[in-house]
Amino acid sequence: MINVTELRPGNYFIDENCIYQVLDILLNKTAMRKMVAKVKVKNMRTGAIIELARNSGYMVEDIHIDKKVMNYLYDGGETLVFMDNATYEQVELPKSTLANEIPFLAANGEVTIVSYEDEVLGLSLPAKVALEIVECEPGIKGDSVNSASKDAVLETGLRIRVPLFIDNHEKVWIDTVTGKYDGRAN
C-alpha cells in the first residue's frame, strides 16, 4: 500500500477495483485542510482518462505491471493481433480499447503490451513512430506565406500537416503524444 501523495507519473495502482496509470498529479495544501491530491489517471481496462481527488493519508495498492515488446501483425476485424517475436505467441486486443493508438500502428511496428497478473490491459506506443506518406499535395515553390506546410495522409489513414519539401512515399517521424510531424525518417 502507498499513500496517494507519493504517486508519480508512470506509476500504476489499484483503487476501488480499477487499475490506473498516473498521468499527472497535483498536490494542493491549504491552511486549515488536509493536503488534497488531484491525480489525472488512465483506467487501464477501459482507456478512460479521469481525475481523482483524494485526501492525504488515502492508501492505494501500488502494483507492478508486466511489459512485453511485440509486433503488430494485422487488423482482425473487431480485434488487433500482436505477436511476440521470441515465442511466436499471439495476443488479440479489442479495437474498442485502442482507439487512441490505432492511427499510429503500422504493420510489423513494435509496441509494448502491458499486462497485470496475466490480464492484458493494453499497449504502450514508442514516443515516435516512422510512417509512410501515401498521399500529399505537391509543394508549390515560393508558397511560404501559410506556415509552409501542406496536408498529408499516412499509411494508417492519419491526416497530418507536413512541410512543403516532403513528398509521397517518404517515411516521416510522428510524435505519438501529439500526433504531429516530427521529422524525416531514414
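Let me start with Asp84, which is buried because its relative accessible area is 8%, where buried means under 20% relative accessible area, exposed over 50% and partly exposed in between, with a 1.4 Å probe and protein chains only. The side chain of Asp84 meets that of Lys68 in a salt bridge, at 3.8 Å from N to O, and the term salt bridge stands for a side-chain nitrogen of Lys or Arg within 4 Å of a carboxyl oxygen of Asp or Glu. This pair links distant parts of the chain, with Lys68 in strand 7 and Asp84 in the loop between strand 8 and strand 9, 16 residues apart. Lys68 counts as partly exposed, because its relative accessibility is 34%.

Before I go on, please keep in mind that this is a predicted model, in which local features need pLDDT of at least 70 and side-chain atom pairs count only at pLDDT 80 or more, while totals for chains, interfaces and linings use all residues. Residues are numbered from 1 along each chain as its sequence is written, and side-chain values use heavy atoms, with hydrogens and water left out. Strands, for their part, are DSSP runs of E with at least two residues, numbered from the N terminus.

How many salt bridges does the structure hold? There are ten, and one of them joins the side chains of Lys42 and Glu101, at 3.4 Å from N to O. Lys42 lies in strand 4 and Glu101 in the loop between strand 9 and strand 10, so the pair ties together parts that are 59 residues apart in sequence. Here both partners, Lys42 and Glu101, are buried. Elsewhere, Asp15, Glu16 and Arg54 are linked in a network of salt bridges.

Leaving aside neighbours within four places in sequence, Leu154 is in contact, meaning heavy atoms within 4.5 Å, with residues including Leu131, Ile133, Ile160 and Ile174.

Finally, Thr5 sits in the loop between strand 1 and strand 2, and counts as buried because its relative accessibility is 14%. Not counting residues up to four places away in sequence, Thr5 touches Leu27, Met35, Ala37 and Ser56.

Note on methods. Helices (H or I, at least four residues) and strands (E, at least two) are DSSP runs, numbered from the N terminus.
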